[in-house]
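Have the structure open as you read.

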Amino acid sequence: MPAFASRAFFLAFLALSTSPLAAQTPDTTDPKAVRPGTYALDAGHTRVVWSVSHRGFSTYSGLLPAASGTLVLDPEKPEASRVEVTLNSADVATADPRFDPRLKGPDYFNAAAFPTLTFASSAVKVEGSKAQVTGTLTFLGQSRPATLDVTFHKAGINPTDKLYHVGFDATGTLTRSDFGLKTGLPGIGDAVTLQIEAEFTQKE
């Protein structure tokens, strides 16, 4: 490589590495240091693990991966942040292939009649790396208030796709009969525990 080209390449690299954008790329666990903006759900790394009591003998769990969603973050004014997520009812599954068709049927998730579940936030209360997110959950055509306890993990560049990601875990509970899902009551629990893993990618 000619000397002048080598020097030009070095200067361009130096300018890029000292730019404001590059300064924001290191990983951070400080919620106040996260890049503001709009994020798209990373569906491959977002799911809900739901659990109910199985007649008092055991805790029965299943998975429901998220399909799409949007997160708007404002670290300077976190209470203005908001999130909306859609899940496909037909994606619900357990480790029992004999039961999954019934789970998707009219006795439970009724995917044919109600193909999606949605959550849309209405309020965010932040304390450090944790937040309480209140919103509306729509399931089986019924909309009810729901609250999630959210823990922020990290934000930074994902080395796989080279995009800026943010990641969270969340927990919550709901009463399934509030949404009209009464199959198996009272033997199969009415209280449903939710454990949520979520990642979002900043939009360009």
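Where is Ser-81 found? This residue sits in the loop between β3 (58-73) and β4 (82-88). One thing to keep in mind throughout: this is a predicted model.

Ser-81 counts as buried, at 12% relative accessibility. A polar atom of the Ser-81 side chain lies 3.1 Å from the backbone nitrogen of Asp-74. Asp-74 also turns up among the contacts of Ser-81 beyond four places in sequence, along with Val-72, Leu-73 and Val-124.

Thr-28 is in the loop between α2 and β1, and with a relative accessible area of 14% Thr-28 is buried. The side chain of Thr-28 has a polar atom 3.0 Å from the backbone nitrogen of Asp-30. Setting aside neighbours within four places in sequence, Thr-28 is in contact with Ala-33, Val-34, Phe-152, His-153, Lys-154, Ala-155 and Tyr-164.

## Lys-154 and the salt bridges

How many salt bridges does the structure hold? There are four. One of them pairs Asp-27 with Lys-154, where the closest N and O atoms are 3.2 Å apart. Asp-27 lies in the loop between α2 (20-23) and β1 (37-41) while Lys-154 is in strand β7 (residues 142-157), so this pair ties together parts that are 127 residues apart in sequence.

Leaving out residues up to four places away in sequence, Lys-154 touches Asp-27, Thr-28, Thr-29, His-165, Val-166 and Gly-167.

Elsewhere, Asp-96 and Arg-98 meet through their side chains in a salt bridge, 3.0 Å from N to O. Arg-98 is exposed, with a relative accessible area of 73%. Asp-107 and Arg-102 form another salt bridge, with an N to O distance of 3.0 Å. Here Asp-107 is partly exposed at 34%, and Arg-102 is partly exposed at 42%.

Now for the strands. β5 (residues 116-127) and β6 (residues 130-139) pair in the antiparallel sense over nine bridges. Glu-127 stands opposite Lys-130 in β6. The β5 and β6 hairpin has two residues between the strands, and Gly-128 takes a positive phi near 65°.

Phe-139 has Gln-142 in β7 as its bridge partner. This hairpin also has two residues between its strands, and Leu-140 in the turn has a positive phi of about 55°.

## Core and aromatic rings

Which residues touch the most other members of the largest nonpolar core? Phe-109, Val-166 and Phe-200 do, in a core of 44 residues. As background, nonpolar side chains tend to be buried together in soluble globular proteins. Beyond its neighbours within four places in sequence, Phe-109 has contacts including Trp-50, Leu-64, Val-92, Leu-103, Phe-114, Leu-117, Phe-139 and Leu-140. Phe-109 also belongs to an aromatic cluster, together with Trp-50, Tyr-60, Phe-99, Tyr-108, Phe-139 and Phe-179.

Across the whole structure, a search finds nine aromatic pairs. Tyr-39 and Tyr-164 have ring centres 6.4 Å apart and planes at 45°, so this pair is tilted. Tyr-39 is in strand β1 and Tyr-164 in strand β8 (residues 164-175), so the pair ties together parts that are 125 residues apart in sequence. Both tyrosines, Tyr-39 and Tyr-164, are buried.

Trp-50 and Tyr-60 also have centres 6.4 Å apart and planes at 45°, so this pair is tilted too. Trp-50 is in strand β2 (residues 47-54) and Tyr-60 in strand β3, ten residues apart. Trp-50 is buried, with a relative accessible area of 9%, whereas Tyr-60 is partly exposed at 26%.

Notes:
Residues numbered from 1 in each chain as written. Predicted model: local features only at pLDDT ≥ 70, side-chain atom pairs only at ≥ 80, totals over all residues. Heavy atoms only, no water. Helix = DSSP H or I, 4+ residues; strand = E, 2+ residues; numbered from the N terminus. Buried < 20%, exposed > 50% of the residue type's maximum accessible area, 1.4 Å probe, protein only. Polar contact = N/O pair within 3.5 Å; in protein donor to acceptor, adjacent residues only side chain to side chain. Contact = heavy atoms within 4.5 Å. Pairing = 2+ DSSP bridges. Core = buried A, V, L, I, M, F, W, Y, C linked by side-chain atoms within 4.5 Å. Phe/Tyr/Trp six-rings, centres within 6.5 Å; stacked < 30°, edge-to-face > 60°.
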